[in-house]
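Welcome, and please open your viewer. We will go from stop to stop, selecting a few residues each time.

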Amino acid sequence: MQRIIGARTSAHALAFGVASMVLVMGVTRRAAAGYEPHKYTEPGTGLVLEYNLYVPNDYDRGRKYPLLVFLHAAGQDSDLPRDLRSSGKGWTGSFLDNGDDKKYPSFFLIPISQTNRSGWGDGRSDAEKFEGRLTIVVLKQLVASGEYNIDPDRLYLTGPSMGGRGTWDMIEKNPGLFAAAVPAAAPGLDEPEKVVGENIWSINGERDSTVGDNRKTIAAIRALGGNPIYTELAGHGHDTWRDIYPSDAFMEWVYAQRRGVPWWYVSEVPKVPHPLTPGQPAVTGPTGPADVPDGTGGAAGSGQDEGAGGMAGATQGSGGFAGHTDAGAGPVNAVGGGNSMGGGLPTNAPEGDDTGTPPKSEASCRYASRPSPGSASAAWLAALALVVTLRRRGR
C-alpha cells in the first residue's frame with residue numbers, strides 16, 4: 001500500500017514539475033527577443049496605430065528594463081501606406097550593434113505613421129496628430145499593464161526630422177513622462193517653459209533649414225533656467241542623426257538618464273566625433289557631476305538595474321531626488337516633462353530628404369511574433385495527459 005501511495009505521489013510531483021516547466025517555457029516564448037508586431041485600435045474613434053515592440057535578448061522578468069520610443073522621419077508619398085516590416089524598426093538596429101544590446105538591454109517602441117506631414121505632431125503647432133497621441137496612450141498602457149517589467153523612470157524618446165518635431169511636441173504635451181528626449185534635425189516648440197526641467201539633447205546641422213529655429217528654442221529654454229544640451233555639427237545639413245545614432249555617445253548618454261534627475265548629475269556632455277559649429281555652445285550651465293556643488297547630492301550608489309541609493313539630497317527648485325533607485329524606493333520630484341516623436345530611416349538620402357534605406361545593422365534585427373493563443377492550453381492538456389498516464393502506471 002505504501003509503495004502504491006509513494007508511486008502516486010512521485011507521479012503527481014513529476015507531472016506538476018513537467019507542467020510547471022511547460023508554463024515557464026511558454027513565458028519564455030512570449031518574451032523571445034525580437035520585434036513583435038502590434039495594432040492598437042482606439043475605442044470610440046476606431047483610429048489605428050500600428051507599432052513594433054522590440055523585446056531585449058535574454059529578457060528576465062525579475063529585472064526592470066528601460067524603453068526607448070523611436071519616431072521615424074517622413075519619406076516619399078510613394079512609401080505610403082507604410083507597414084511594420086519596412087518601416088517599423090527605424091534606426092533601432094544601430095542601437096543593437098557593437099555589443100550595445102548587451103550593455104544597454106532595452107525595449108524599443110516603434111510606431112509607424114501613415115502620413116509624411118508631421119504625423120507625430122509639431123512643437124510649433126497646436127494641431128493634434130492622432131498617431132502621436134496614440135503613441136503616448138500605447139506607451140502608458142504598456143508600462144501600466146505589467147506585461148513586461150518596464151521601468152517608468154527610464155523611458156526615452158528620440159526621432160529625426162518629422163520624428164524630431166514630434167519629439168519636441170510630445171515633451172511639451174507630456175511633462176514629466178520621459179527621462180530624456182533627443183530631437184534631431186527639428187525646429188523646436190512654442191512653449192519652452194513647459195520643458196525647462198527636461199533632460200534634452202537637441203541635435204542639428206549648421207546648414208539644416210531648421211537650425212535657426214532650433215537655436216531660438218534652445219536659447220529660450222536656457223533663458224528660463226533650463227540646461228539643454230545642443231550639438232550642432234559643422235558643415236552638416238539635414239542628416240545629423242546618421243552620425244549621432246550609431247555613435248557610442250548616444251547610447252551612453254541616453255541610458256544614463258533617470259526621470260526627475262538632472263542629466264548633469266549622472267552624465268557628462270556627450271562627446272561626438274565631429275567638429276561643432278563655432279559659437280554654438282553645447283551647454284551654458286553645469287556640464288557634468290563635477291559641477292554639482294558639494295552637499296547638493298550626486299549620483300550616489302545608483303545602478304542600472306538594481307541600484308541602491310540614488311540622488312541623495314539633490315535639489316532643483318523645489319524638487320529633490322531622495323533615495324531614488326531602480327527598485328522604486330524613495331520619491332522622485334520630476335520637474336517638467338517629455339513626450340516626443342521622431343525617427344528616421346535614411347542613411348543614403350540627399351540633404352533635405354527623409355527617405356533612404358535603413359542602416360545595414362538592421363539586418364541583425366529579428367522579427368518575432370507571439371505564440372498562438374492556444375499554445376498555453378495545448379501545453380496544459382499535454383501535462384494532464386501525462387498525469388493520467390503516470391497515475392495508471394502507479395496502480
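Which residues do ring pairs link into a cluster? Select Tyr35, Tyr54, Phe70, Phe95, Phe108, Trp201, Tyr245, Phe250 and Trp253: ring pairs join them into a cluster. Rings of Phe, Tyr and Trp (its six-membered ring) pair if their centres lie within 6.5 Å; planes under 30 degrees apart count as stacked, over 60 as edge-to-face and the rest as tilted.

A word on the model: it is predicted, local features need pLDDT of at least 70, side-chain atom pairs count only at pLDDT 80 or more, and totals for chains, interfaces and linings use all residues. Residues are numbered from 1 along each chain as its sequence is written, and side-chain values use heavy atoms, leaving out hydrogens and water.

A search of the whole structure finds 19 aromatic pairs. For one of them, pick Phe107 and Tyr148: the ring centres are 5.1 Å apart and the planes are at 50 degrees, so the pair is tilted. Phe107 is in strand β4 and Tyr148 in the loop between α4 and β5, 41 residues apart (helices, H or I, at least four residues, and strands, E, at least two, are DSSP runs numbered from the N terminus). Phe107 has 0% relative accessibility and counts as buried (under 20% relative accessible area, with exposed over 50% and partly exposed in between; 1.4 Å probe, protein chains only). Tyr148, at 4%, counts as buried too.

Next, select Trp264 and Tyr265, both buried. Their ring centres lie 6.3 Å apart with planes at 40 degrees, so this pair is tilted.

Finally, show residues 130-145, helix α4, which has 16 residues. Its buried residues include Leu134, Ile136 and Leu142. Just after α4, Gly146 has a positive phi of about 75 degrees.

Definitions and conventions
Expected span 1.5 Å × (residues − 1).
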